[in-house]
Amino acid sequence: MLPIISCPEAYWECCFFISLKSGLIDSKEVKKTVSFFLDNMILFFVPAGVGIITSYDILGKHIWAILAACTISTVLVVASVGLLFQFLDKKKRNE
């Protein structure tokens with residue numbers, strides 16, 4: 001296993017992306033299923049929303065730590081995506 005990605009879902013997403021890009025999976029074959037999941041995406045977020053509502057007491061006690069973690073993680077993600085884009089853009093220009 002790669003030590004970089006900690007959740008198995010991310011491995012499957014990477015494998016799916018590589019399979020699509022390499023042509024192992026035809027995008028036409030998965031279009032119907034992907035469209036279904038995208039159309040019903042709200043159903044995946046309802047349990048998380050209910051969990052937040054039921055844990056409101058705990059969230060209120062730790063709001064500053066949660067906000068700090070959200071802010072730091074957002075900055076790190078935006079910075080890493082930006083740096084990756086710059087790297088790939090330079091690599092593409094050099095080819």
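User: Which residues do the ring pairs link into a cluster?
Analyst: Phe36, Phe37 and Phe44. Bear in mind that this is a predicted model.

User: How many aromatic pairs is that?
Analyst: The count comes to 2 aromatic pairs. Phenylalanine 36 and phenylalanine 37 make an edge-to-face pair, with centres 5.4 Å apart and 70° between the planes. Phenylalanine 37 and phenylalanine 44 make a tilted pair, at 5.8 Å centre to centre and 35° between the planes.

User: Why is the pair of phenylalanine 37 and phenylalanine 44 called tilted?
Analyst: Stacked needs planes under 30 degrees apart and edge-to-face needs over 60, so the rest count as tilted. The planes of phenylalanine 37 and phenylalanine 44 are 35° apart.

User: And how exposed is phenylalanine 37?
Analyst: Phenylalanine 37 is partly exposed, at 40% relative accessible area.

User: Switching to the fold. How many helices and strands?
Analyst: There are 5 helices and 0 strands. From the N terminus the order is α-α-α-α-α.

User: What share of the residues counts as buried?
Analyst: Of the 95 residues, 4% count as buried. The chain exposes about 9,100 Å². Carbon and sulfur atoms supply 72% of that area.

User: Which residues are buried in α1?
Analyst: Ala10, Tyr11 and Ser19 are buried there.

User: How does the length of α1 look?
Analyst: Helix α1 covers residues 8–22, which is 15 residues. From first C-alpha to last, α1 reaches 21 Å, close to the 21 Å expected at 1.5 Å a residue.

User: What follows α1?
Analyst: Glycine 23 does. The phi of glycine 23 is positive, near 90°.

User: OK, α3. How many buried residues there?
Analyst: The count is 0 among its 13 residues, so α3 is hardly covered, buried meaning under 20% relative accessible area.

User: What about the span of α3?
Analyst: Helix α3 runs over residues 42–54.

User: Where is tryptophan 64?
Analyst: Tryptophan 64 is in helix α5, residues 63–94.

User: Buried or exposed?
Analyst: Tryptophan 64 counts as exposed, at 68% relative accessibility. The cut-off for exposed is over 50%.

User: How far is tryptophan 64 from valine 50?
Analyst: They are 21 Å apart in space, C-alpha to C-alpha. In sequence, tryptophan 64 and valine 50 are 14 residues apart.

User: Now isoleucine 58. Which helix?
Analyst: Isoleucine 58 is in helix α4, residues 56–61. Isoleucine 58 is exposed, with 53% relative accessible area.

User: And how far is isoleucine 58 from alanine 10?
Analyst: The C-alpha atoms of isoleucine 58 and alanine 10 are 28 Å apart. In sequence the two are 48 residues apart. Alanine 10 is one of the buried residues in α1.

User: Last one. How many positive and negative charges?
Analyst: There are 9 positive and 8 negative charges. Their mean positions are 8 Å apart.

Key:
Residues numbered from 1 in each chain as written. Predicted model: local features only at pLDDT ≥ 70, side-chain atom pairs only at ≥ 80, totals over all residues. Heavy atoms only, no water. Helix = DSSP H or I, 4+ residues; strand = E, 2+ residues; numbered from the N terminus. Buried < 20%, exposed > 50% of the residue type's maximum accessible area, 1.4 Å probe, protein only. Areas by Shrake-Rupley, 256 points an atom, 1.4 Å probe, with all protein chains shown as cover. Lys, Arg positive; Asp, Glu negative; His and termini not counted. Charge placed at Lys NZ, Arg CZ, Asp CG, Glu CD. Phe/Tyr/Trp six-rings, centres within 6.5 Å; stacked < 30°, edge-to-face > 60°. Expected span 1.5 Å × (residues − 1).
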